[in-house]
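This report describes a single protein model. The text should be read alongside the sequence and coordinates shown below.

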Amino acid sequence: MTNTVDVDKRRFLTNATTVVGGIGAIAVAIPFISSLSPSAKAEAAGAPVALDISKLAMGQMLIIEWRGKPVWILRRSDDTLSTLATLASELSDPDSDDLGQQPDYCKNPSRSIRDDILVLVGICTHLGCSPTHRPELAPEDLGPDWKGGFFCPCHGSKFDLAGRVYAGLPAPNNLVVPPYHFVSDSQLLIGADPVGYG
Ligand code: FES
């Protein structure tokens, strides 16, 4: 288990560095880079993490760290959102009835405050690996029915692009949606509920 977690942490950090490297303007929001400011250290310890999503392109995913966990921020297209509505029969909890997996304000079909922006804790609900973002349709290794989502390489669990788990695979629950809210159209605060919640 320890080895698995170490490998996952390395994978997460590698992925995070890779993704953020392509979004230079957002890189300042990453708290685990070597030149941590005092405020960034506070964020890594558990304080909310603010970030600018104005440069997040359609289909692009940003990874940050919050409370020592990877948090994914993905911008979804209308096509992706339409696909989500077709998957219910294949999922364990299509309506997000397990209330422990998301805040009340994200118990909806897109599992998000704003349909286009998905925010998830990127940790598999089976044994804690970090799944891989696999947005492509019908790749050879995932089969002709794959409609884009997240694939956990440790034991094969699959999640759709709302973080809902496919049935019959090891992971028992949907991926966790952390508390968050929009400070403005382009500013997101991870780790704090909207006013009136929490
Ligand atoms: S940890 Fe993800 S499937 Fe086992």
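## Disulfide and cysteines

A disulfide is taken here as a pair of cysteine sulfur atoms within 2.5 Å. The model is a predicted one, in which local features need pLDDT of at least 70 and side-chain atom pairs count only at pLDDT 80 or more, while totals for chains, interfaces and linings use all residues. Residues are numbered from 1 along each chain as its sequence is written, and side-chain values use heavy atoms, with hydrogens and water left out.

By this rule the count is one disulfide. Cys 129 is joined to Cys 154, with an S to S distance of 1.9 Å. The link of Cys 129 and Cys 154 is left-handed, at -95° about the S-S bond. Cys 129 lies in the loop between S4 and strand S5 (132-134), and Cys 154 in the loop between strand S6 (149-151) and S7, so the pair ties together parts that are 25 residues apart in sequence.

Burial is defined by relative accessible area: buried is under 20%, exposed over 50%, and partly exposed in between, using a 1.4 Å probe and protein chains only. Cys 129 is buried at 2%, whereas Cys 154 is partly exposed at 28%. Cys 106 is buried at 0%, and Cys 152 is buried at 2%.

## Overall architecture

The protein has three helices and nine strands, where helices (H or I, at least four residues) and strands (E, at least two) are DSSP runs numbered from the N terminus. Along the sequence the pattern is α-α-β-β-β-α-β-β-β-β-β-β.

Of the 198 residues in the protein, 46% are buried. The accessible surface, from the Shrake-Rupley method with a 1.4 Å probe, comes to about 9,300 Å², and 55% of this surface belongs to carbon and sulfur atoms.

## The three-stranded sheet

Three strands form an open sheet in the order S2-S3-S4, with antiparallel pairing; two strands pair if DSSP finds at least two bridges between them. Strand S2 (61-66) and strand S4 (117-121) are the edge strands, each pairing on one side only.

Strand S3 (residues 69-75) pairs with S4 in the antiparallel sense over five bridges. Leu 74 stands opposite Leu 118 in S4.

Val 176 lies in the loop between strand S7 (158-159) and strand S8 (180-182). Val 176 is partly exposed, with a relative accessible area of 30%.

Contact means heavy atoms within 4.5 Å. Leaving aside neighbours within four places in sequence, Val 176 is in contact with Gln 101, Leu 120 and Val 121. The C-alpha atoms of Val 176 and Gly 100 are separated by 7.9 Å, although the two residues are 76 residues apart along the chain.
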